[in-house]
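Work through the exercises below with the model open. Each task is followed by a solution in steps.

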Amino acid sequence: MKQTMEKEIRNTEERAHPDAGGSLLNPQKGAEILNMLKRGAEFTHELLRENEKLRYAAARLQEQNESLRKRTENAVARSEIEGMERKLRTLTEENSKLLERFSEVEKENGDFANKYVEIEQENNMLANLYISSYQLHSSLDFNEVLRIIMEIIINLIGAEQFALFLLDEKTQILKAVASEGIDLEDIPSFTVGETIIGNAVKSGESYYSEDTAAKEPLDMADPLVCIPMKITERVIGTIVVYKLFQQKDSFTKLDYELFYMLAGHAATAIFSSKLYTESERRLSTIQGFIELITK
Amino acid sequence: MSRVLIVEDSPTMVQLLVFIIKKLRDVEIDTANDGANGLKKLSEGRYDLVLTDINMPLIDGLKFVSLLRNDRSNGNRDVPVIIITTEGEESIMEEGMKLGANSYITKPVNSQRVIETVRKFINA
Ligand SMILES: [Mg+2]
């Protein structure tokens, strides 16, 4: 374009200064036109330069614009990422709090389940104890009381071989009055203060063998359990267990509670039934005597 | 109302079983002190469940189950029967199941186990 312009100006100059031949314009007019064209050309040059500058400026602006756009985009993305990161942190915190709560609830559940089992066991124990003591005091007949004690030991404790001994306070001899799984005649008497049985009666302390397996062969002086039956501190006899139906790892809490209950309640039941039976016997003797003398 | 019959010679065991089972809803409990009495009661009224001891005088638990299952005239011939055996007497328990018992519990009884076993057979 620039080259085309310059070519045009040269042609015009040539036409304004013809060296030979007749001139079409006068020289002054020609110079003016030439001048005008020159100015026009300069103006055009200027315009072109200006145009160039503008294009350059536009290009730079476009670049700037591009970079700004990119920065803006980056900024938006960054802030979005930051927002998401914040959200993620919050969610992670919430999640760990929930996990904590979950494990707390799980632990509580476990505690409740354990508590429930404990309560059930307690319930079972109380039912056994309630029925036993109720039964023990339901009769004043000595033999009936003995039968009830035996029943409790068989059914509620699960003993297969055992005996009930009563103490003769004068002779300090323990004599078997009832037994299960062993013939009564085969059971020897024991002296207070001798053997495991005699010592338990002397001290008034219950004896529990370390393991619950029956001794083989059966040794009457070496029982699994020996429970002195006491009214306050006075021992009236003892319950001696030699064998359980089922060998256990150890005696249960219920076993201990039942033995403990029997130590006291069996003693009072036996004692009062003996007193009652004796007073009945005396009464009938007296009545017989009265009848005899009033006839 | 579900009717439960307890056949057991030990008054202590009867008391304990009644004490445990009466806690269930809508249950009426009847008792018999041996197998013969149990069969008599079963020939008279309707029952939904029977719990029977094994060691009893006259007719023991095994004989009781056998007689009941074979008595075509008894309206309770197919009533569910739970036998009560002593811990460690697995052979007796197996024999009882063979004769037609539906389940078993062992002595010394655990109240929770009694409740669970009874609930298998009646809605209570
Ligand atoms: Mg029995």
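**Exercise 1.** Classify Asp9(B) and Asp53(B) as buried, partly exposed or exposed.

Solution. Step 1: buried means under 20% relative accessible area, exposed over 50%, and partly exposed in between (1.4 Å probe, protein chains only). Step 2: Asp9(B) has 32% relative accessibility, so Asp9(B) is partly exposed. Step 3: Asp53(B) has 1%, so Asp53(B) is buried.

The model is predicted: local features need pLDDT of at least 70, side-chain atom pairs count only at pLDDT 80 or more, and totals for chains, interfaces and linings use all residues. Residues are numbered from 1 along each chain as its sequence is written, chains are lettered from A and ligands numbered from 1 in the order in which they are written, and side-chain values use heavy atoms, with hydrogens and water left out.

**Exercise 2.** Which atoms coordinate the magnesium ion?

Solution. Step 1: donors are N, O and S atoms within 2.8 Å of the metal (3.2 Å for Na, K and Ca); water is not among the atoms, so sites may look incomplete. Step 2: Asp9(B) (OD), Asp53(B) (OD) and Asn55(B) (O) coordinate the ion at 2.1 to 2.2 Å. Step 3: their spacing along the chain is D-x43-D-x1-N.

**Exercise 3.** Where does helix 5 of chain A bend?

Solution. Step 1: helices (H or I, at least four residues) and strands (E, at least two) are DSSP runs, numbered from the N terminus. Step 2: the bend at a residue is the angle between axes fitted to the seven residues ending there and the seven starting there. Step 3: helix 5 of chain A bends by about 35° at Leu262(A). Step 4: Leu262(A) is also among the buried residues of this helix.
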